Amino acid sequence: MTDTFRALLTGAAMFAAGAAGAAECIAPANPGGGWDFTCRQIGKIMYDIGEVDQPVQVTNTAGAGGGLAFQTVVNERNEDEDLIVAASVATVTRLAQNAYGGSTADQVRFVGAIGADPGVIVVAADSPFESLTDMLDAMKEDPSSVAFAGGSAAGGFDHLKVLQLAQAYGIEDLRSIKYIGVDGGADAITQTVGGFTQGMTGDMSEIVGFIESGEVRPLAVLSDERVEGFDIPTAIEQGVDMTGVNWRGLYVPGGISDERFQEWADKLRAVAESEEWQTAMTNNGLAPFTRVGDDFQAFVDESIESQAELSREIGLIQ
């Protein structure tokens, strides 16, 4: 092989690699929810601040509370170094409950989280419930009288938030509480605004636009303190000692190299430190929460253990 021909082949290979090198972010739900927000915001900022040289493609892969996307990554794209996937506490909860068809957390690598999304309970604008305690009083009288919609599958984090609230309020018959799991927060709000459920359980970033449009009325935010810029009382203020905060982050295929894993961790940290991300957090009611790389992987492992224990306590798993 001549040096000229070898150079031409090398150049062609580099061109092909560059053409195929656009990063992709899978949002494991329909457009409009928290995972979709994570992909679109982080992907856009990565491109805007020069961490990637092409716009990040967002693919919505809804199904099984994130399970379809997880199994697709594990079974079909295990070594795709240009793939990132939106993750949250809901991801960890489903893995802790073995809800992804036997898939386990160690089949992927958790890159990091760079924002905390406080949980919320909202109702339709014309709901008779004026406060969280109004709703919980009705549930104490008849736990099946209030149905909730959430963006995670039954037994997922959105469902657990409702059960934890009820438990904290002294409601004992947790298994009678009705919950409908749909693919993403936007779909959950549609269920509630349409009158199919009496409440929606989700995260702050999922409801901001719906609050501004007047379609929903938030009853409580499940954080230690009120979210800056939003006049929503906490559950704690209303006498219910419960918090539920959802981190927003990413995982990558388990088969990628350590070097590529660290590159994604560095890119995510750069997003976390950018002015663009600070603005995005403020506009969407997110609180700071930055854990990246191996530190975050250890945090996820610990979270899975604690979520499994909680799920056993309330009878969701054996």
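Mentor: Buried is the term for a relative accessible area under 20%, with exposed being over 50% and partly exposed in between, for a 1.4 Å probe and protein chains only. By that criterion C39 counts as buried, at 1% relative accessibility, and C25 is buried as well, with a relative accessible area of 1%. The model is a predicted one, in which local features need pLDDT of at least 70 and side-chain atom pairs count only at pLDDT 80 or more, whereas totals for chains, interfaces and linings use all residues. Residues are numbered from 1 along each chain as its sequence is written, and side-chain values use heavy atoms, with hydrogens and water left out.

Taking a disulfide to be a pair of cysteine sulfur atoms within 2.5 Å, a search of the whole structure finds 1, and this disulfide joins C25 to C39 with an S to S distance of 2.1 Å. The angle about the S-S bond is -75 degrees, and the link of C25 and C39 is left-handed. C25 belongs to strand β1 (residues 24–27) while C39 belongs to helix α2 (residues 34–48), so the pair ties together parts that are 14 residues apart in sequence. The element names follow DSSP runs numbered from the N terminus, helices being H or I runs of at least four residues and strands being E runs of at least two.
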